[in-house]
Every structure is written in structure tokens, then in C-alpha cells.
Amino acid sequence: CGGRPFEVIGLLGDCEEMGDLQSTGLELIGLVHEDLGNPSQSLVFWQQALKLNPNKARIHVHIARQCLRERELDMAMQSIEKALEINDARANTWVIRGHIELADQRTEAAIQSLEKAISCDENHQEAHYWLGRAYLAGGKVIGAIQQAVWLEEAHSPHAVRLRQKIN
């Protein structure tokens with residue numbers, strides 16, 4: 001946005017007549033509204049984008065993240081499952097599924113999802129951080145320490161946050 005979100009919204013609104021670019025434009029407008037702190041507006045634009053292109057996994061992920069923030073866990077899980085049905089090869093999608101499962105206190109399921117994220121991208125630092133958090137939630141301190149060590153070796157800023165949770 002370059003600090004000019006309303007100009008971006010205006011420019012992206014012009015994408016309406018460009019086929020799939022319309023869906024992408026609506027997705028981006030939703031992201032701008034999310035950045036501005038307008039979650040309900042974000043959802044409106046993402047839902048419009050899905051009407052145009054229901055097979056865009058990224059949009060389902062945005063909706064899942066927003067539902068997770070609002071603690072609407074059933075809706076979040078539905079959206080993330082749809083995203084995984086479309087494309088299950090993205091580590092970030094599995095990380096968000098792990099977040100949802102942790103929020104729903106399903107630690108074993110969260111651990112499995114986060115391990116899947118790491119199998120998609122072994123260097124995904126956020127996946128290692130959340131796997132450490134899931135291990136802690138499940139009482140597996142050694143697993144959490146192993147993730148903290150991995151993050152420290154990767155010089156990740158997540159290492160400090162995980163160490164704070166462990167201590």
C-alpha cells in the first residue's frame with residue numbers, strides 16, 4: 001500500500017472487468033481492509049472473491065485466519081479444510097490449521113498438522129515455532145526444546161519467543 005490504502009482500494013476497484021483479476025483485486029482489497037483493522041469488510045471482499053473463483057486456496061486461508069482471530073473455530077476449520085482440499089502442498093496452510101487445532105485444544109491434531117507443514121517446507125520457521133508451542137501444550141517439553149534449538153540454529157526471531165514460553 002505504501003501507506004496509501006485508500007488509493008490502493010480505488011485502483012483495485014478498477015479490476016472489476018478483468019476476469020480472474022477481479023477475484024485477485026477483491027482478495028487484495030480484503031487484505032488492505034484487514035490491514036486497516038476492518039475485519040468485517042475484509043470478509044465481505046473475500047467472500048465476493050470466492051464467488052468469482054471458489055478454487056482459490058489463498059482466499060480460504062485468509063478467511064480461516066480471520067475466523068480464528070474471532071474465535072469462530074468451526075468456520076475457521078471449514079475454510080482451512082477447503083484450502084487444503086484445493087492445495088495441500090503449502091506449509092503456511094498447515095500452520096494455520098495447526099493454530100486452529102491448538103485454539104480448539106486438540107494438541108495431537110495440531111502436532112500432526114504442524115509436522116505436515118514442516119514436511120512441506122522444512123525451513124518454515126513459523127511452523128517450527130508453533131510445533132514447539134503445540135509440544136508444550138501437550139506436555140512434551142523435550143520436543144519444544146528441540147524446536148527452540150532448531151530455531152536458534154536458524155537465527156530465527158521466533159527462538160526467543162519459544163524459549164520464553166518454555167521457561
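**Salt bridges up close**

A: Happy to! Keep in mind that this is a predicted model. Let's start with E85 and K82, whose side chains meet in a salt bridge with an N to O distance of 3.4 Å. Both belong to helix α5 (residues 73–86), and because they are three residues apart there, about one helical turn separates them. E85 is exposed, at 62% relative accessible area, while K82 is partly exposed, at 28%.

Another one joins R106 to D104, with the closest N and O atoms 3.2 Å apart. Here R106 is partly exposed at 34% relative accessibility, and D104 is partly exposed at 35%. These two residues also belong to a network of salt bridges that links them with E81, R97 and E101.

Next comes the salt bridge between the side chains of K140 and E108, at 3.0 Å from N to O. This pair links distant parts of the chain, 32 residues apart: K140 lies in the loop between α8 (125–137) and α9 (141–153), and E108 lies in helix α7 (residues 107–120). K140 has a relative accessible area of 35%, so it counts as partly exposed, and E108 is partly exposed too, at 41%.

One more charged side chain deserves a look: the charged end of R161 sits over the ring of Y129, 4.2 Å from the ring centre. Y129 is buried, as is W130.

Key. Residues numbered from 1 in each chain as written. Predicted model: local features only at pLDDT ≥ 70, side-chain atom pairs only at ≥ 80, totals over all residues. Heavy atoms only, no water. Buried < 20%, exposed > 50% of the residue type's maximum accessible area, 1.4 Å probe, protein only. Lys NZ or Arg CZ within 6 Å of the ring centre and 35° of its normal. Salt bridge = Lys/Arg side-chain N within 4 Å of Asp/Glu carboxyl O. Helix = DSSP H or I, 4+ residues; strand = E, 2+ residues; numbered from the N terminus.
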